[in-house]
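Dear colleague,

Please find below the sequence and the structure for your records. A written account of the findings follows directly after them.

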Amino acid sequence: MGNQDTIYVTTPIYYVNGLPHIGHAYTTIAADGYARWHRLMGRSVFFLTGTDEHGQKVLQTAEGRGLTAQEHVDDLVVHWKHMWERLDIHYDRFIRTTEDDHTSRVSAVLQKIWDDGLVEKRDYEGWYHVGDEIFVTDKDVEAGKFDPSELQRLTESNYWFKMSAYQQRLLDHIDANPDYIQPESRRNEVLGFLRQPLGDLCISRPKSRMSWGIELPFDSDYVCYVWFDALLNYLTGIGYHPDADQAGDWKRWWPATYQLLGKDILTTHAVYWSTMLMALGVELPDALMVHGWWTSTEGHKISKSKGNAIDVSLLVDEFGADATRYFFLREKSLGGDGSFSYEGFLTRYNADLANDIGNLAHRGLSMTRNWLGGTVPALGPVSDLEDGLREQAGVSVLRLARAFDEMDFHTGLAALSELISAGNKYIDSTEPWALNKKGDTERLGTVLRMVLEVCHVAACCLLPVMPGKAAELLDKLGRTPGQGADTLIGLPERAGQGELSLDDLVVGSDVDPGDPLFPRIKELPASIAALFAADAEAEPVSKKKQKKSKKGKGRPQPAAQIAFDDFTKLDLRVGEVLSAEVHPQADRLLVLKVDLGESSPRQIVAGLASRFAPDELVGRKVVVVANLAPRPLRGIESQGMILAAGDEQVVDLVSVSADPGEVVR
Ligand code: MSP
């Protein structure tokens, strides 16, 4: 286990065969949020990201551009770094696998495992997948797992890392460290994979076929396989060298706290990387955190080659880096998949940022300026309403801190949303405008002070997620980002001890509403709408016909009418969610236990994971179609359906406050 006060977090290093898209941005934003959170919590943090610059794919792209591989990567890397700058990504090192500092260390590692007898030269005859740059078994080819146009029959001599020797040790490690591969569904996937005999790993490519890589120190006719080179960045990036005399202080950071990766590269990390570390006698990282996939609205994989890559620059141009970061961290749980749409982005922006936090801040600050001279008022006597708000602040901060500690921004930000909604409701119930009219300045001061304090807690908590906007909000409240950080560091502990009394601001200091933090955006900006127009042009006519009218923008056509009798066939009931967990076979689905007032709870499988973290649902009252015939969903029986708003993507649940079992008509 790594030292809890030292955090080392990594992203995969990205291929520089194209420009960054939202998938890459997602991983990097999550790692950055996590690194910032821990820095703010006073821990020593090292955050490593970078680019994977060797291998066939990069070489092919370079050739396609009429450039040498080196010219090509030097040109593209600038765009990657620029993108991270635009997204306010604060990494400690950006590693490039073509840097001497990396290549010389990889070379030393290769020499070491060769000297240790862990590598063997063998003749190979079999299938090679050109796109993925891997050797594939006859069995997988026969099973049709690969596109035949990507397969090449090869006869070649190569160097093989004796990976198979580590199969049992790896199984034992996964067994003894249940958190090694997260979430659990991914751990199970790896265990399933390891049920088959593990083969050895080919770690060389003959230069005669592909020369863009690190030369093998023991055979100059070969270069190193790109994955073997790339995975080592996680060690070389912090100064590892197999020869202790030449190593930096990498042990200060290693083992990594979280290595973040998309589900597409699970095997390379869980199996190749783990066994490579074993071969080097280096401890395994504390955890591999595997995140889900972003798809386009139609559920397709987003990739440059499919031409549906979402332009992150456009999101930053139109909505700003902070809103973009917020969206990705709030919108879906890390492990689950999510489908991206610009309209979904706009909905989230308006709901959470413009309406909730933006509105709370603007209301509180404007009323303070208009009625109390624009300075922080003193707290007078407090009532149950203020106590309730303090309690909510404590609960939200604790849940947020626990979730952020584990990189679960989705749950953490949902907890913060509850506090912000409570703040807005508090304004509605205390009616400061009426207090002002009555001239009850003392009560008015207390109410607005509470509102400003909630904004302050929110600004502090948002520092790792929206560093720019959080600093702006702090400034409006008369505080600097440094003061916000000083407050943040103590918040979780104070919340845990029930001491979050919401009185951190300094009475009499100036506040200023200025411009709204997140102005409401009524419709998609022209630059984005233009993309849709281009898409619509390219769409087949039949699909175009299904497009919605202007009024029902973004919504499906109304369904055909039904008779009243048909409607009465539905048995709709109020239910209360007792428990929720991610479906072991599908990250998109949650398995819920719901109390319908019957003798035992119902088990319901629902596609809610991209919108809700399991914890968020526990205790919620929902509306259930109770007489839907039970059916298995990915192997688990679902005994009903939960009503939710949203078409392809769930926006919210239909909720009621009646008792479980109550009929809904
Ligand atoms: N170069 C390898 C990684 C080597 S790490 C030692 C690679 N690069 S990549 O450019 O293809 O980036 C892969 C990573 O980008 C994924 O694991 C994931 O983190 C992120 N994403 C790329 N597309 C994605 C989505 N559509 N959705 C979410 N993340 C995805 O593989």
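I begin with D88, which is placed in the loop between α3 (69–86) and β4 (93–96); helices (H or I, at least four residues) and strands (E, at least two) are DSSP runs, numbered from the N terminus. Although D88 is not a glycine, its phi is positive, at about 60°. With a relative accessibility of 32%, D88 counts as partly exposed; buried means under 20% relative accessible area, exposed over 50%, and partly exposed in between (1.4 Å probe, protein chains only).

This is a predicted model, in which local features need pLDDT of at least 70 and side-chain atom pairs count only at pLDDT 80 or more, whereas totals for chains, interfaces and linings use all residues. Residues are numbered from 1 along each chain as its sequence is written, and side-chain values use heavy atoms, with hydrogens and water left out.

Other backbone features

L502 also has a positive phi, of about 55°, without being a glycine. It is found in the loop between α19 (481–496) and α20 (526–538), and at 1% relative accessibility L502 counts as buried. Two cis peptide bonds may be noted as well. One runs from Q182 to P183, with omega near -5°, and P183 lies in the loop between β8 (181–182) and α7 (184–193). Another joins W254 and P255, with omega about 5°; P255 is in the loop between α9 (233–236) and β13 (258–262).

Overall form

The chain contains 23 helices and 26 strands. Its radius of gyration is 28 Å, close to the 26 Å that the globule rule gives for 665 residues, so the chain is as compact as a globular protein of that length. Here the radius is taken over C-alpha atoms, and the rule is 2.2 Å times the number of residues to the power 0.38. Along the principal axes, the C-alpha trace spans about 90 × 65 × 50 Å. Buried residues account for 53% of the 665 residues. Of the contacts (heavy atoms within 4.5 Å) between residues at least 6 apart in sequence, 75% join residues at least 24 apart.

Interior

The largest nonpolar core has 114 residues, of which W84, L87, F319, F328, F340 and M407 touch the most other members. Helix α17 (residues 441–462) gives the most to this core, with 14 residues. Another core, of 60 residues, lies apart from it and includes V190, L198, C224 and L266. A nonpolar core is a set of buried Ala, Val, Leu, Ile, Met, Phe, Trp, Tyr and Cys residues joined through side-chain atoms within 4.5 Å. Leaving aside neighbours within four places in sequence, M407 is in contact with V9, Y34, Y258, L260, M289 and L334.

Helix α12 (residues 321–331) is largely enclosed by the rest of the structure, because eleven of its eleven residues are buried. Among these buried residues are Y326, F328 and R330. S417 itself is found in helix α15 (residues 409–430) and counts as buried, at 15% relative accessibility.

An exposed loop position

G635 is placed in the loop between β21 (631–633) and β22 (636–638). G635 is exposed, with a relative accessible area of 72%. From C-alpha to C-alpha, G635 and Y166 are 32 Å apart in space, and they are 469 residues apart in sequence.
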